Amino acid sequence: MPEGKPGSARPVRVALLGCGTVGTEIVRLLTDQAADLTARIGAPVELTGIAVRKPNKHREVPEHLLTTDAAALVASDVDLVVEVIGGIEPARTLLLDALRSGKSVVTANKALLAEHSADLFEAADASGADLYFEAAVAGAIPLLRPLRESLAGDRITRVMGIVNGTTNFILSGMDATGAGYSETLEEASRLGYAEADPTADVDGFDAASKAAILASLAFHTRVTASDVHREGISAVSASDIAAAKGLGRTVKLLAICERVTQVAADGTTTESVAARVHPAMIPRSHPLASVSGAFNAVFVEADAAGEMMFYGQGAGGAPTASAVLGDLVAVARNRVVGGRGPRESAYAGLPVRPIGQTPTRYHISLDVEDRAGVLAQVAAVFAEHDVSIAAVRQEGRVDDASLVIVTHAASDAALRSTVDKIGGLPVVRDVVSVMRVEGEEQ
């Protein structure tokens, strides 16, 4: 493009796929901030069309922009396609068509990126188009760009965070009120923090997709959602929350991505990636413990930069639209000046470590008989499976006797074998709960 005054270049033509809560906010911001966007980009942004399924339900946007033919809109003379429809199809086909024809893409589609980012990046590389997706993981929080760009010269060792607002709202509510899971989920639904079908959130699918994206960027390795171990929060009880409080902890649904280094007997080292989503107890002194309500926060550890935390609104129409607009500005600038954004970095190709081999600390609560020798029998099973006990607490008497055990780091496989055998001991009436413990020295 020839240089000139801001706005003297040809308009950057944009197609928008989807006009729900986020899409409507994108249209509003493009209109309200048109002059500023022109100055920042060096060319005006022209919204050429909006693909929707039911045009009559979108009276808040100009009628002449609406179309039900998303494929034709993508194939039209546009420079940039913004996708906020979600899901795998038709989004995957539409975005591949856009990238293959040289059109850059901005997407907030975490599920698509967690499963098909390799295809999207390959199409972008082949045509020289850009692929940006800041809004896919943590709403308005600037997180992916620091991982892709600001920390590109560092070695990231761990990414751990709260990346789902619905589950954090529920767990925060349980912690604050002492209420159980079901009633707190009902309250979240009433207030609009939970979808009519909350499965993707409460069962950890949403967080697992985000963990796959984070692990891929942090460790330069292709990680898909199916590589991420996933557990939801529906089994978290009020007694689990109370037990955490008694230990100076709180319970959060965490997405945890780690670079794991193993040293063999001969001194050689191998590296792998571990990615998991599950509820865990963390100390109330940990920075993530104070993240309440529907907010998100991600804790990043790197060799040179040390520890960093990114915090903010992780969902919602305006916050997500803010992240989308940030990407749109970056891509549009590249179009105007002839640059290109960062490409996929998957050179490391590290293997994904199975959850059975991933070491974690555990909190185990047992309903036991109140008689001599119970602790010795339980401790013997832990020793048999090479699971080291860090702390033990016995509570209650007779029919209410319980034993709470916190372990040192142990593999998931060893812990599960231990719990299975303990559950069969005559002195153990029930294994009440098993929960991982994070954010403490191993």
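In this predicted model, Cys 19 has a relative accessible area of 5% and is therefore buried, since buried means under 20%. Cys 257 is likewise buried, at a relative accessibility of 0%. A disulfide is a covalent bond between the sulfur atoms of two cysteines. With sulfur atoms required to lie within 2.5 Å of each other, the number of disulfides is zero.

- Six strands make up an open sheet, ordered 3-2-1-4-5-6, and their pairing is parallel.
- Strand 3 (66-67) and strand 6 (131-132) are the edges of this sheet; each has a single partner strand, so one side of each has no neighbour in the sheet.
- Helix 13 (residues 317-337) packs on the sheet and touches strand 1, strand 2, strand 4, strand 5 and strand 6.
- The direction of helix 13 makes about 170 degrees with that of strand 5.
- Within the sheet, strand 1 and strand 2 (residues 45-51) run parallel and are joined by six bridges.
- Val 12 is placed opposite Val 45 of strand 2.

**Helix 4**

- In helix 4 (residues 91-100), the buried residues are Ala 91, Leu 94, Leu 95, Leu 96, Ala 98 and Leu 99.
- These buried residues pack against several elements, among them strand 1 (12-17), strand 4 (80-83) and strand 5 (104-107).
- Helix 3 (70-75) and helix 5 (110-127) are also among the elements against which the buried residues of helix 4 pack.
- After helix 4 comes Gly 102, which has a positive phi near 90 degrees.

- Strand 10 (residues 269-283) is largely enclosed by the rest of the structure, because 12 of its 15 residues are buried.
- Five residues lie between the strands in the hairpin of strand 9 and strand 10, where Gly 267 has a positive phi near 95 degrees.
- Strand 8 (residues 229-230) pairs with strand 10 in the parallel sense through two bridges, and Arg 230 has Val 277 of strand 10 as its bridge partner.
- Strand 17 (residues 428-437) also runs parallel to strand 10, with two bridges between them; here the partner of Met 281 is Val 437.

**Aromatic rings**

- The structure contains three aromatic pairs.
- In one of them, the ring centres of Phe 169 and Tyr 193 are 4.2 Å apart and the planes are at 20 degrees, so this pair is stacked.
- Phe 169 belongs to helix 8 (residues 165-177), whereas Tyr 193 is in the loop between helix 9 (181-190) and helix 10 (199-202), so the pair ties together parts 24 residues apart in sequence.
- Phe 169 is buried at 15% relative accessibility, while Tyr 193 is partly exposed at 40%.
- Phe 295 and Tyr 311 form another stacked pair, with 5.3 Å from centre to centre and 10 degrees between the planes.
- That pair links strand 11 (residues 295-302), which holds Phe 295, with strand 12 (residues 306-313), which holds Tyr 311; the two residues are 16 residues apart.
- Phe 295 is partly exposed at 31% relative accessibility, and Tyr 311 is partly exposed at 46%.

**Charges over rings**

- Arg 230 lies over the face of Phe 205, 3.7 Å from the ring centre.
- The charged end of Arg 148 sits over the ring of Tyr 132, at 5.5 Å from the centre of that ring.

Conventions
Residues numbered from 1 in each chain as written. Predicted model: local features only at pLDDT ≥ 70, side-chain atom pairs only at ≥ 80, totals over all residues. Heavy atoms only, no water. Buried < 20%, exposed > 50% of the residue type's maximum accessible area, 1.4 Å probe, protein only. Helix = DSSP H or I, 4+ residues; strand = E, 2+ residues; numbered from the N terminus. Contact = heavy atoms within 4.5 Å. Pairing = 2+ DSSP bridges. Axes fitted to C-alpha atoms, helices over the stretch in contact; angles between N-to-C directions. Phe/Tyr/Trp six-rings, centres within 6.5 Å; stacked < 30°, edge-to-face > 60°. Lys NZ or Arg CZ within 6 Å of the ring centre and 35° of its normal.
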